[in-house]
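Subject: Structure handover

Hello,

Here is the structure for you to look through. Please open it alongside this note.

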Amino acid sequence: MSLWNYLLPPSNASAQGRAIDDLLVYIHLLMLVLFVGWLAYFLYTVFRFRQSSNPKADHVGARGHVSTYAEIGVAVVEVVLLLGFAVPLWAKAVDEFPIKKGDPKTDPIEIQIMGQQFAWNAHYAGLDGKWGKQDIKDASANNPFGLVPSDADAKDDVTCLREPFLIPVNRDIICRISSMDVIHSFKLPRMRVTQDAIPGLTIPVHFTPVEKGDYMVICAQLCGNLHSTMKGEYKVVSQEEFETWYSAKSKAGGAGASFE
Ligand SMILES: [Cu+2]
């Protein structure tokens, strides 16, 4: 591991991550220019206005316009970063949601994500493609999604409670994020996804993984004593591997198996 590995974020593994990384680089470049510029200016003033050459204070102050131009320059770059990059990127993230076209091989995969002190849970509709009925009265630590045990559609739902969930590579993934207790934050560093998980709200995010592998979900919001242990795992696998896992888990009773 070189020093860069410690300084840079983990490498991007999603189709959307590159634009976010680019924006981060531009912001850091601006910060670098400001840091070097202000530091040079500070050192210059310490030297230029030292006491020995300025025994009396000057009450008029700066007479030139350089500082005004510098301020305008910085403001212009900030406006370009905000309106030229950040706003379009955010608009794309919230507006261009992948759409279902009715093909189970290419349709986006929808997953409910439930934050829970101190773990992450995932819920898929199962092989029938229908979400099981959910009721707050049935929700508990062992049934974080509140699936109704008697509901037929819930029988084949897939739930991954405090265990790794799988997603196929190069497919659009939609995660609908919520929390059953306090505010958490669903963060997939390698996918460049971060979204607060808020009790009572379900907030969707989407991404497209482009690299197979084992990845980590972390909680990016201080949520209690064991916040630092609130890690989850997910695996990005081939389409075939995903289908095998999904159908086995769905047929095994899916959600029903986790009610005990
Ligand atoms: Cu948390």
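Below is what was found in it, starting with the ground rules.

This is a predicted model: local features need pLDDT of at least 70, side-chain atom pairs count only at pLDDT 80 or more, and totals for chains, interfaces and linings use all residues. Residues are numbered from 1 along each chain as its sequence is written, and side-chain values use heavy atoms, with hydrogens and water left out.

**The copper site**

Which residues coordinate the copper ion? They are His 184 through ND1, Cys 219 through SG, Cys 223 through SG and Met 230 through SD, at 2.1 to 2.5 Å. Donors are N, O and S atoms within 2.8 Å of the metal (3.2 Å for Na, K and Ca); water is not among the atoms, so sites may look incomplete.

The arrangement is tetrahedral, because the 4 donor atoms subtend angles of 89 to 124 degrees around the copper ion. Four donors count as tetrahedral if all angles lie between 85 and 135 degrees. Along the chain, the donors follow the spacing H-x34-C-x3-C-x6-M. His 184 lies in strand S6 (residues 184-188), and Met 230 in the loop between strand S9 (213-219) and strand S10 (231-237), so this pair ties together parts that are 46 residues apart in sequence. Strands (E, at least two residues) and helices (H or I, at least four) are DSSP runs, numbered from the N terminus.

Both His 184 and Met 230 are buried. Buried means under 20% relative accessible area, exposed over 50%, and partly exposed in between (1.4 Å probe, protein chains only).

**The sheet that holds S6**

S6 is mostly covered, with 4 of its 5 residues buried. It belongs to an open sheet of 5 strands, in the order S4-S10-S9-S6-S7, with mixed pairing. Two strands pair if DSSP finds at least two bridges between them. The edge strands are S4 (165-168) and S7, and each pairs on one side only. From one strand to the next, the twist averages 25 degrees.

Here are the pairings:

- S6 and S7 (residues 193-197) are antiparallel over 5 bridges, and Ser 185 stands opposite Asp 196 in S7.
- S6 and S7 also form a hairpin with 4 residues between them; Arg 192 in the turn has a positive phi of about 60 degrees.
- S6 and S9 are antiparallel over 2 bridges, with Lys 187 opposite Ile 218 in S9.
- S4 and S10 run parallel, joined by 4 bridges, and Phe 165 stands opposite Tyr 234 in S10.

Helix H4 packs on this sheet and touches S4 and S10; its direction makes about 140 degrees with that of S4. Contact means heavy atoms within 4.5 Å. Axes are lines fitted to C-alpha atoms, for helices over the stretch in contact, and angles run from 0 to 180 degrees between N-to-C directions.

**The other sheet**

Another 5 strands form an open sheet in the order S3-S2-S1-S5-S8, also with mixed pairing. Strands S3 (158-161) and S8 (203-207) stand at the edges with a single partner strand each, so one side of each has no neighbour in the sheet. The twist here averages 25 degrees from one strand to the next.

S2 (residues 119-124) and S3 pair in the antiparallel sense over 4 bridges. Ala 122 stands opposite Cys 160 in S3. H4 (residues 239-251) packs on this sheet too, touching S1 (109-116), S2 and S3; its direction makes about 95 degrees with that of S3.

**Cysteines**

How many disulfides are there? The count comes to 0, where a disulfide is a pair of cysteine sulfur atoms within 2.5 Å. For Cys 160, the nearest cysteine sulfur is that of Cys 175, 12 Å away. That distance is too far for a bond. Cys 160 counts as buried at 1% relative accessibility. Cys 175 is buried as well, at 0%.

**Thr 208**

Thr 208 lies in the loop between S8 and S9. Is Thr 208 buried or exposed? It is buried, with a relative accessible area of 10%. Leaving aside neighbours within four places in sequence, Thr 208 contacts Ala 13, Ser 14, Ala 15, Gln 16, Asn 170, Arg 171 and Asp 172. The C-alpha atoms of Thr 208 and Thr 106 are separated by 12 Å, and these residues are 102 apart along the chain.

Best regards

Terms used:
Tetrahedral: all angles 85-135°; square planar, octahedral: opposite > 155°, others 65-115°.
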